[in-house]
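Okay everyone, thanks for coming.

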Amino acid sequence: MSELVQLSKVGDVAVITINNPPVNALSPGVPEGIESAIAAIEKDPSVKAAVLIGGGRTFIAGADINMFVQITSGKGGRIHLLPTLLKIENCSKPVVVAIHGNALGGGLEVAQACHYRVATPDAKVGQPEVNLGIIPGAGGTQRLPRLAGVAKAVEMCTNGKNIKAAEAVEAGIVDRLIEGDLLAGTVAFAREMAGRPTPKTRERNAKLGTPEANAPIFAAARDTVRKKQRGLPAPMAAIDAIEAATKLPFEKGCEEEARLFDKCLYSDESKALIHVFFAEREVAKIPDVPKDTPVIPVNSVAIVGAGTMGGGIAMVCVNAGIPVLLKDTDQAALDRGLANIQKNYATSVKRGRFTQEYMDERMKMIKPTLSYGDFGGADLVIEAVFEGMALKKEVFAELDRVCKRGAILASNTSTLNIDEIAATTSRPEFVIGTHFFSPANVMRLLELVRGNKSSKEVIATCMQLAKKIGKVAVLVGNCRGFVGNRMFLPYIREAQFLVEEGASPEAVDAALTEWGMAMGPLAVGDLGGLDVSWRIRKEFRHLEKPGARQPYVEDKLCEMGRFGQKTGSGWYKYDAERRATPNPEVAELVKKWNAESGIPQRQISAQEIVEREVYCLVNEGARILEEGYALRAGDIDTIYLNGYGFPGFRGGPMWYADTVGLKKVYDRVCEFHKLHGMLWEPAPLLKKLAETGGKFAEFERGAAQATD
Ligand code: 3HC
Ligand code: NAI
């Protein structure tokens with residue numbers, strides 16, 4: 001037997017336990033271990049039935065994703081699952097799989113090959129392969145429709161979402177739920193099945209439907225994929241593979257699945273999505289803050305400022321079961337804040353995301369206040385008042401006075417120097433930036449801004465808390481704009497230059513959304529309010545390089561009170577339903593600026609738009625990386641994927657640049673530098689890596705702790 005798989009016995013029932021922590025991935029050794037266990041069970045006349053179960057916190061979370069990286073980078077390795085599953089299915093004694101935690105991807109495929117499936121009520125099952133740019137590769141596209149029907153299989157294999165155990169029972173994937181002790185319950189079930197037939201999923205054809213019934217299912221699914229998962233080959237391939245299941249014998253269907261699986265695995269999209277998977281987990285690893293760093297228990301949170309961000313953060317905390325004290329300066333502001341929270345919850349209730357009962361419970365967990373009176377009990381305080389250094393300093397001085405020693409004092413500032421804020425307290429080691437993104441209850445990203453003195457315990461606590469509240473936290477250094485907004489500034493500025501050179505706002509936005517961005521930069525500006533970046537531009541203008549090109553049109557729009565959606569016009573005009581149409585004022589302003597500045601108007605291709613937009617993100621990202629404000633290129637990617645609508649299948653700006661080739665990116669940046677001036681000066685790291693054939697992904701500098 002392999003070290004990763006153990007075989008034991010409970011009377012006449014054999015128990016195969018997979019022990020490959022943390023998630024029992026099907027790494028080399030696991031399939032082989034299962035095979036030898038099955039062989040031993042066949043040989044042992046005292047065994048009447050078998051249970052297959054996962055040790056630790058979960059059943060099997062799927063194939064070992066590291067293997068895919070090895071395979072596609074030519075470092076060897078292979079996925080050996082189909083033959084193992086046939087051996088389970090061919091076993092002459094009933095094999096019952098016991099699912100707790102998750103049965104995902106290859107894990108669910110293992111379960112499908114067993115003769116019976118039971119699960120704990122809180123277990124989840126799914127085929128999430130599309131999230132990695134691949135399709136099920138161990139017969140999932142062939143066995144799942146046989147268990148759950150074609151429509152359910154198509155749904156699960158294309159959207160990649162997990163379903164709960166009860167839904168899995170309803171769909172025919174799981175036979176029974178086991179309350180109480182899973183192993184004992186499954187052993188009892190297996191004993192019931194002993195001596196009965198061993199139904200082979202691959203021979204169950206009743207749910208495969210007819211060509212007439214299936215045609216509209218496949219057509220509708222392809223249509224949805226075309227609309228919602230534009231540019232992604234895997235969901236289409238999953239549908240093709242399931243269609244093959246309905247038309248071909250099982251073995252031939254598996255061959256077709258294998259062919260499609262391989263095609264997806266070697267695609268750029270899959271490589272990018274696998275990078276995204278690991279990068280999102282890598283961000284939690286901070287070299288000088290080890291895993292065993294003690295954390296501060298956070299059982300209560302106080303928030304200062306009940307505005308847009310304070311309200312959203314309050315929702316995030318109470319949704320995770322943490323009670324919140326919410327403070328503002330006057331009753332009207334507090335009422336407004338609470339009403340907004342109420343409105344947000346009510347929308348979710350209307351959409352069926354939450355029940356009314358859930359909403360009422362959460363609202364009760366938010367205690368409004370106008371004083372700092374109760375702040376002494378808070379374990380964590382998050383300040384979200386107006387953006388202004390003087391005000392922030394005043395608030396932190398007060399927090400220092402009223403909060404208990406050991407409480408974490410966090411600021412949600414999006415631009416201000418966290419060390420300067422921390423210096424107003426007697427405990428800068430307890431101060432940190434928690435930069436949530438708007439709307440805070442929706443956006444997954446949280447930039448944790450490390451101050452000069454932020455303690456390791458405070459960092460470890462915030463990283464852990466982020467996971468609890470459903471955020472992806474990325475530790476960043478304390479520079480202007482931190483990581484995300486520091487890169488975003490040149491990105492939105494370049495979009496404005498493109499318009500001033502002759503591209504229409506619609507053309508700029510369309511080029512980027514076609515490329516995969518969730519929204520175009522100008523539409524984003526209109527959504528958030530053009531006045532926000534106008535204010536920042538004015539405040540930091542003195543820090544601009546003298547003689548650097550400045551955008552014109554957006555400032556003029558702001559001077560005219562055109563702040564975007566909230567004023568009904570900005571880069572676009574908006575009707576009552578917030579539908580956008582071209583704003584003729586923009587064309588007039590461009591014409592006027594053109595006459596004044598002499599900037600030549602020309603046709604600009606979608607390719608140039610994308611290159612200028614994405615490469616200016618990359619160029620600034622390279623500076624951030626070299627200066628140590630981000631720990632790894634993957635951290636920057638994680639920020640852009642979770643906070644800025646960057647498409648997952650491109651892997652993030654830094655990964656994308658690596659795939660284009662840094663020499664090619666650098667050459668283009670040099671051309672732009674020549675044509676458009678000093679704002680395009682190539683980042684030294686980009687130049688260095690381009691010249692040495694390096695990659696951002698291989699560059700590691702520091703600890704995200706440098707400061708301006
Ligand atoms: N392969 C390799 N490593 C995996 C893994 C997998 N399938 N799933 C998780 N891990 C690793 C993570 O990288 C992480 O490692 P780290 O501690 O070194 O960072 C560790 O396991 C714990 O993972 P999480 O931090 O994500 O733990 P959570 O408890 O938050 O989540 C989970 C657990 C829901 C199982 C989540 O890890 C997950 O969604 N995993 C991936 C599931 C998946 O995509 N499965 C399909 C794989 S492809 C496949 O099976 C193809 C088949 O059809 C042939
Ligand atoms: P907002 O204007 O919506 O809310 C600020 C709230 O703070 C108001 O309700 C105000 O009455 C209250 N307030 C002011 N002084 C106070 C005091 N002394 N004590 C208690 N409450 C006080 O502002 P918003 O947008 O929520 O921003 C808050 C912070 O979050 C700012 O630092 C901002 O830069 C940052 N941020 C904002 C984002 C956004 O998109 N709105 C995104 C990320 C960060």
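Let's start with the shell around ligand 2, which by class has ten nonpolar, nine polar and four charged residues. For the classes, Ala, Val, Leu, Ile, Met, Phe, Trp, Tyr, Cys and Pro are nonpolar, Asp, Glu, Lys and Arg are charged, and the others, Gly among them, are polar.

Quick housekeeping: this is a predicted model, where local features need pLDDT of at least 70 and side-chain atom pairs count only at pLDDT 80 or more, while totals for chains, interfaces and linings use all residues. Residues are numbered from 1 along each chain as its sequence is written, chains are lettered from A and ligands numbered from 1 in the order in which they are written, and side-chain values use heavy atoms, with hydrogens and water left out.

So, who sits around the ligand? There are 23 residues around ligand 2, and the closest are Met309, Asp328, Glu387, Lys392 and Ser414. Being near here takes a heavy atom within 4 Å of the molecule.

Helix H16 (389-402) is one of the elements giving at least two residues to that shell, and H16 has the largest share, three residues. Helices (H or I, at least four residues) and strands (E, at least two) are DSSP runs, numbered from the N terminus.

Now the polar contacts, meaning pairs of N or O atoms within 3.5 Å. In the side chain of Asp328, an N or O atom is 2.6 Å from an oxygen atom of ligand 2. Asn412 puts a polar side-chain atom 2.9 Å from a ligand 2 oxygen atom. On its own, ligand 2 exposes 830 Å², and the protein buries 79% of that (accessible areas by the Shrake-Rupley method with a 1.4 Å probe).

On to the holes. How many cavities of 30 Å³ or more does the structure hold? Five. A cavity is a set of points, on a 1 Å grid over the protein atoms alone, where a 1.4 Å probe fits but cannot get out, and lining residues have an atom within 4 Å of a point. Volume is the space filled by probe spheres set on the points, which are joined across faces, edges and corners.

The largest cavity is about 80 Å³. Helix H19 (residues 484-500) gives the most to its lining, four residues, and the lining has three nonpolar, two polar and three charged residues.

The second largest cavity is about 50 Å³. Its lining has nine nonpolar residues, one polar and no charged, and H18 gives the most, with three residues.

Technical notes: 1 Å grid on protein atoms, 1.4 Å probe; cavity = no way out; pocket = protein on both sides within 12 Å on 5 of 7 lines; lining within 4 Å. Polar contact = N/O pair within 3.5 Å; in protein donor to acceptor, adjacent residues only side chain to side chain.
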